[in-house]
Amino acid sequence: MNCQENHREEYKGPVLNEDPYARFGFTKDALLEAIRLGEGRFTKRELAKALGLKGDQRSGLKLALRELEDGGEIRKNEQKAYEMADQLPAVTVLEVIDRDVDGEFLCQPVKPELQGPKIILKPGERTRGPAAGVGDKILARLAPLKDEEGYEASVIKKLGQSAHRILCVLRDNTRGPARLVPVDRRARHELVPARGETSKAQDGDLVIVRIASERRHGLKTAMIDEVVGRADSARAGSIIAMAEHGVPDGFLDAELKQVDAIEPVTMGYREDLRDIPLVTIDPADARDHDDAVWAAPDDDPKNPDGWIVIVAIADVAAYVTPASPLDKGARNRGVSVYLPDRVVPMLPERLSNDLCSLREGEERPCLAVRMVFDRNGNQIGHRFIRGWMRSAAKLAYEEAQAAIDGNGTGKAETLLEDVLKPLWGAYGALRQARKRRKPLEIDAPERKVIVGEDGRVQGVRLRERFDAHKLIEEMMIQANVAAATALEARNSPLIYRIHDEPGSEKLDNLADFLPHVGLKWTRGERPTPSRFNTLLQAAQPTDHYETVNEVVLRSQSQAVYDTDNIGHFGLNLAKYAHFTSPIRRYADLTVHRALIRAYNLGSDGQTDEERSQLQRIAEDTTSNERRAMAAERDAVDRFIAAWLADRVGTEFEGRITGVTRFGLFVRLHETGADGLCPVSRLGQEYYMHDEAAHALVGQSSGGRYRLGMLVTVRLDEATPVTGGLLFDILTPPESGKPPKGRGRPRDKYERRGSPRAKKHNARRKKR
């Protein structure tokens, strides 16, 4: 893994006031001051110049910047320059998004990387010139608040109405005006349709609205921009998720026109792979097949007991050319989105399910990699091929596994000796190498929502995981490694799939928690996948395994796309680039084009223009992937909530998976659904949040509800529109000692001027 080692000098006892970076030739204060003065313009090179660093001192700067970034003191912006994490630009563009409980306007920066700190509009600003209200964009000057954290914004110029749109359900109100109820479960306020707007929709319609005007008192008014469906429809969960997260649906006319005009590719100069019995192994309900595999023993006497593996991938680059309408549309979508009742594809169906799908018995163009492995599973060679193939069979994971287990039928049994057994033989060698590599082995079971043709949920089942899944996964990983290695060998720029090691703050939280379940994490030692695996193995025989597994998962960074390679922590690989799914991931398509150009595999490779945009493409694709993941998660929540709506009052077994100041999150064993039990439902006792122990602790009794605790809950409310579930916990708290100290602690809302504080002061005056 291409990471700077954390070298430490021998410790000789406490040294007061020693600067942690003095050994690198600069101080922490000097570095932070340089970043502050740079105002978000200084990259690592400029900072080194400002500090007068040379040679090995630059390695120290890299380590220092990484530590400060992990610690949340600084951040890297889209220009790869560093800025203070707690300091916003003095002048920036804001969006007015809401009011707080005291009636003040709340704002947030338009740029996502700047969002976080609280920003309120300066009192009286809304009365100067054109009123700035919720939904407006403003150019504002920021100043730190005096009595609390955050900023106060002074309007320099109103920029007009923002794109702040809200998805709501229109509800008729027989006792008064109609209401617009936001579908976001975090929303606190309903809206009122502006005059004449109710004629655009009917009661129960899902509508996208924008704020029409601001009132000093009462509910906000809104204009209806679009009707997207019915809230009570069986497929509303997907409709809401797509609209709420802005998932693009459908294709532009220019894209459809281009795809209609496409002529199927012919073999031409391609290498003929039709005699090789490549097979696709996918889920039983898969509609597209973008990868095929084949393996055989290596007959080279210099590689005894070695293996040859070919991974062939649909040649999307042959049809989707750079800067074409199809290419621009695919880049805008970034990834395919998989919802319980539908797939929102990155490419039109004629490509994803036909021309670029490796159908059984049909000839297709492919970009393949021929890899050579020794007997121990080490990749010792590879070659990329612009090929012409014909899939020998389309197999489901269950079919392939049954044949290997001696229970095969049909075509899987026919292919057992010549195709499947060699594949499993090669996988046996790759599995040895994987064990030596020791990637992160987190147990993350997946649940699949089964939806009928009518769009209604029929059940939720745990996805079974066979060796057939692991075989395909490992062969795809090796193909991705080969792609990154091959492009680096030709000095070709590319988009890597990177995964950073956990940040210091997350590791500190993990170290604080583990003693509560009888385990420990030594601080100061560099985290490695092997260390996490050892921890999980230690937790395996205990009742806390699922909890530790969850906490370890939450401690990890998120994988992203980037042109700057730092390796993949979770897979424990130094070089990794997505190559195997260009039908559904745009990053893979860029890697295909880079390989075509680097190895002269055709005239349709990567252009200079695309090369210059790779970092932006990486960032956009990461953002689109996050959008897809959020939409998929929310759609699943809504479908399950709809399924459970008829079971309100039923008792379920579950486990506490989250502990917050305001309540407990519980995951049901039966469905994997997550719901909330608010702290107000835990009885009359006041519960304090022990953040380190991940527990709510009764102030008087010491009884506690902790992370990972098995509980019985009763479903009190299921709201399909929001996907929210509310539980009552029937299991009594575990016994424990009351927390030290007297009195209820003040929370962040209990400050001077808040409604709670005003009520408290009024009671004091009466006494």
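The model is predicted, so to speak of local features takes pLDDT of at least 70 and side-chain atom pairs count only at pLDDT 80 or more, while totals for chains, interfaces and linings use all residues. Residues are numbered from 1 along each chain as its sequence is written, and side-chain values use heavy atoms, with hydrogens and water left out.

- Six of the six residues of β33 (724–729) are buried, so the strand is largely enclosed by the rest of the structure; strands here are DSSP runs (E, at least two residues), numbered from the N terminus.
- Buried means under 20% relative accessible area (1.4 Å probe, protein chains only).
- Both faces are covered, with G724, L726 and D728 buried on one side and L725, F727 and I729 on the other.

- β32 (residues 710–719) pairs with β33 in the antiparallel sense over six bridges; pairing takes at least two DSSP bridges between two strands.
- Across the pair, E717 sits opposite L726 in β33.
- Four residues lie between the two strands of this hairpin, and G723 in the turn has a positive phi of about 80 degrees.

**The β29-β30-β31 sheet**
- These three strands make an open, antiparallel sheet in the order β29-β30-β31.
- β29 (687–690) and β31 (704–706) are the edge strands with a single partner each, so one side of each has no neighbour in the sheet.
- β30 (residues 695–698) is joined to β31 by three bridges, and A695 stands opposite R706 in β31.

Methods. Buried means under 20% relative accessible area, exposed over 50%, partly exposed in between (1.4 Å probe, protein chains only).
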